[in-house]
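Subject: A structure for you to look at

Dear colleague,

I am handing over a structure that I have been reading through, and I would be glad if you opened it beside this email. Please keep it in view as you read.

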Amino acid sequence: TSGSVVTRVADVCSNAVPDGVIGQTEGTMFVDCKINAQGTYTGFSLSDGTTNNEVIVRFTTTDRIEYYLRSGGTQPFGGGTTSFDTDSRVKIAIAYKSGNSVFYVNGTEVASSTSTTIPLNLSKVKFSRGNSSADFSGITNNFKVYNTRLSNSELATLTTI
């Protein structure tokens, strides 16, 4: 523009999901990013378009990294880590399979569960919560969805900075 200020709307991308990529009974979501500012509430998810069935990694207003699996509105796996540094690179992976889920941050296993129920109908990848709230605010270096639960050694290697 010339002589005025204009705010750009968020970029949006949509595509049909190929069979076997997401929505299956196991998988891994990997994120390599930087958060622009602490005190924001932002994240990434695989979902059915709601928060009832989702795999989510989010950064909270209390400067924590949280991870959740929600299946049918219940949360069989989830929690939070210690605070993160603004503008510092973080590599995160959440891997899930019935009875075998794990969360890694920067090469370290943060949590695991052997009693996980897998969320249903994971057909949407979002840079937000499953219901499109809390849009991601930061820099994404890499984002991948695997249709298998990667091994713990693969997760440690993938998330090491």
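This is a predicted model: local features need pLDDT of at least 70, side-chain atom pairs count only at pLDDT 80 or more; totals for chains, interfaces and linings use all residues.

Residues are numbered from 1 along each chain as its sequence is written, and side-chain values use heavy atoms, with hydrogens and water left out.

The sheet

Five strands form an open sheet in the order S8-S7-S6-S1-S10, and their pairing is antiparallel. Strands here are DSSP runs of E with at least two residues, numbered from the N terminus, and two of them pair if DSSP finds at least two bridges between them. At the edges lie strand S8 (108–113) and strand S10 (138–146), each of which pairs on one side only. From one strand to the next the twist averages 10°, where axes are lines fitted to C-alpha atoms and angles run from 0 to 180 degrees between N-to-C directions. Strand S1 (residues 26–35) runs antiparallel to S10 and is joined to it by eight bridges; if you look at Val-31, you will find that its bridge partner in S10 is Phe-143.

The salt bridges

The structure holds three salt bridges, a salt bridge being a side-chain nitrogen of Lys or Arg within 4 Å of a carboxyl oxygen of Asp or Glu. One of them is formed by the side chains of Arg-89 and Asp-32, at 2.5 Å from N to O. Because Arg-89 lies in strand S6 (residues 89–97) and Asp-32 in strand S1, this pair ties together parts that are 57 residues apart in sequence. Arg-89 counts as partly exposed, at 39% relative accessibility, whereas Asp-32 counts as buried, at 3%; buried means under 20% relative accessible area, exposed means over 50%, and partly exposed lies in between (1.4 Å probe, protein chains only).

Another salt bridge is the one between Arg-70 and Glu-54, whose closest N and O atoms are 2.8 Å apart. This pair links distant parts of the chain, with Arg-70 in strand S4 (residues 64–71) and Glu-54 in strand S3 (residues 54–59), 16 residues apart. Both Arg-70 and Glu-54 are buried.

Finally, the side chains of Glu-66 and Arg-58 meet in a salt bridge at 2.7 Å, N to O. Glu-66 is buried, with a relative accessible area of 11%, and Arg-58 counts as buried at 10% relative accessibility.

Conventions:
Helices (H or I, at least four residues) and strands (E, at least two) are DSSP runs, numbered from the N terminus.
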